[in-house]
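Thanks for coming. I have one model to show today, and I will keep to a few local details.

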Amino acid sequence: MEEETSTSSSSDDQTFDTGSWIIAQDLLKRRLILEDNFTWIIPTTTTTKSSSQFFVKEDDDIDSNELIRYVGGVDLSFSKDDSSIACASIVVLDLLQIKNDGCFQVVYEDYKIVHLQIPYIPGFLAFREAPVLLELLEKMKHECSPFYPQCLMVDGNGLLHPRGFGLACFLGVTADIPTIGIGKNLHHVDGLTQSGVREFLEAEENCSKDLITLTGCSGRIWGAALRSTNDSLKPIYVSIGHRISLESAIKLVRFTCKYRVPEPVRQADIRSRNFLQKNQGIM
């Protein structure tokens with residue numbers, strides 16, 4: 001779950017050493033790769049958004065084995081009764097298997113219900129949510145799953161973060177996997193504001209635009225605001241996590257968007273909420 005919308009639990013009797021977390025973030029940030037660092041190719045696609053169908057273009061020059069196939073999504077859903085109880089989920093979609101309804105085939109899913117000991121602290125979401133998500137990834141690797149994701153979409157931000165190192169960066173560097181941050185709300189960093197971005201997109205001269213680059217007052221590019229479907233009024237905020245460029249991240253997000261949120265994250269969200277609702281009593 002992304003930072004601005006995460007549910008926090010009260011923990012007045014506990015103190016947390018955020019100073020050591022900052023040091024950990026800074027050490028991991030040194031290993032951050034902000035360009036394409038993979039061998040696969042992102043498919044080109046023709047999308048009929050009004051009917052939410054996907055069609056992969058045939059290209060005689062590209063072997064299907066070169067195309068990215070398995071893209072994962074991760075998310076946490078929280079109990080309505082106790083915000084310290086959460087269900088972590090990982091869902092993997094096969095981008096080369098498209099069902100009759102136009103949806104990508106889910107080929108792997110796993111869940112873990114946890115009692116989180118760390119509350120939500122702005123800027124440090126990764127220290128609350130990353131451990132259980134890394135555990136799910138490590139389980140896949142340990143079991144030699146053939147569906148281990150080639151890229152991971154994270155319900156949370158990457159570079160678009162007050163310290164330039166959000167949950168998507170943390171997961172990517174720690175697990176050494178290409179990651180993309182998907183935010184539903186905008187962090188107010190470097191002069192960027194959510195209201196400002198929406199006003200820009202809603203301006204008459206920009207009504208036909210579905211993408212704007214998020215450039216801060218410093219001149220740094222933090223990510224992009226993307227209207228992922230024709231009928232989407234609210235943009236999503238895409239940012240680099242690790243081992244992928246912003247251009248490639250946007251291309252892959254576009255390819256996987258049937259609705260506002262890309263399918264890997266959307267399916268992880270839906271399925272984690274359903275799993276938590278059915279299994280919360282097992283804790």
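Predicted model: local features only at pLDDT ≥ 70, side-chain atom pairs only at ≥ 80, totals over all residues.

Let me begin with strand E9, residues 221-226. How many of its six residues are buried? Five of them are, so the strand is mostly covered, taking buried as under 20% relative accessible area.

E9 pairs with strand E8, residues 211-215, in the antiparallel sense, and that pairing runs over five bridges. E8 and E9 form a hairpin, with five residues between the two strands. If you look in the turn, glycine 219 has a positive phi of about 95°.

E9 is also joined to strand E10, residues 236-242. These two run antiparallel, with three bridges between them. Alanine 225 has tyrosine 237 in E10 as its bridge partner.

Next, the salt bridges. The count comes to 10, and I will take you through some of them.

In one of them, the side chains of aspartate 155 and lysine 184 meet at 3.0 Å, N to O. Why does this pair tie together separate parts of the chain? Aspartate 155 lies in strand E6, residues 151-155, while lysine 184 is in the loop between strand E7 (179-183) and helix H4 (194-202), so the parts being tied are 29 residues apart in sequence. As for burial, aspartate 155 is buried, at a relative accessible area of 3%. Lysine 184 has 24% and is partly exposed.

Another is the salt bridge between the side chains of aspartate 210 and arginine 254, at 2.9 Å, N to O. Aspartate 210 sits in the loop between H4 and E8, and arginine 254 sits in helix H5, residues 246-256, so here the parts tied together are 44 residues apart in sequence. Aspartate 210 is partly exposed, with a relative accessible area of 26%. Arginine 254 also counts as partly exposed, at 31% relative accessibility.

Then there is glutamate 263 with arginine 266, whose side chains meet in a salt bridge at 3.0 Å, N to O. Both residues lie in helix H6, residues 263-279, and they are three residues apart, about one turn of the helix. Glutamate 263 counts as buried, at 1% relative accessibility. Arginine 266, with a relative accessible area of 23%, is partly exposed.

Now the helix pair. Helix H2 spans residues 125-142 and helix H3 spans residues 167-175. Their axes come within 10 Å and cross at roughly 40°. That angle makes H2 oblique to H3. The crossing of H2 past H3 is right-handed. On the H2 side, the residues making the contact include Leu125, Phe127, Leu133, Leu134 and Leu137. From H3, the contributors include Leu167, Phe170 and Leu171.

Last, histidine 242, which lies in strand E10. Is this residue buried or exposed? Histidine 242 counts as buried, with 2% relative accessibility. Which residues is histidine 242 in contact with, leaving aside its neighbours within four places in sequence? They are Arg31, Leu32, Ile33, Gly172, Val173, Asp176, Ile177, Pro178 and Thr179.

That is what I wanted to show. I can go back to any of these sites on the screen.

Terms used. Residues numbered from 1 in each chain as written. Heavy atoms only, no water. Buried < 20%, exposed > 50% of the residue type's maximum accessible area, 1.4 Å probe, protein only. Helix = DSSP H or I, 4+ residues; strand = E, 2+ residues; numbered from the N terminus. Pairing = 2+ DSSP bridges. Salt bridge = Lys/Arg side-chain N within 4 Å of Asp/Glu carboxyl O. Axes fitted to C-alpha atoms, helices over the stretch in contact; angles between N-to-C directions. Parallel < 35°, antiparallel > 145°, perpendicular 65-115°, else oblique. Left-handed = near helix turned anticlockwise from the far one by under 90°. Contact = heavy atoms within 4.5 Å.
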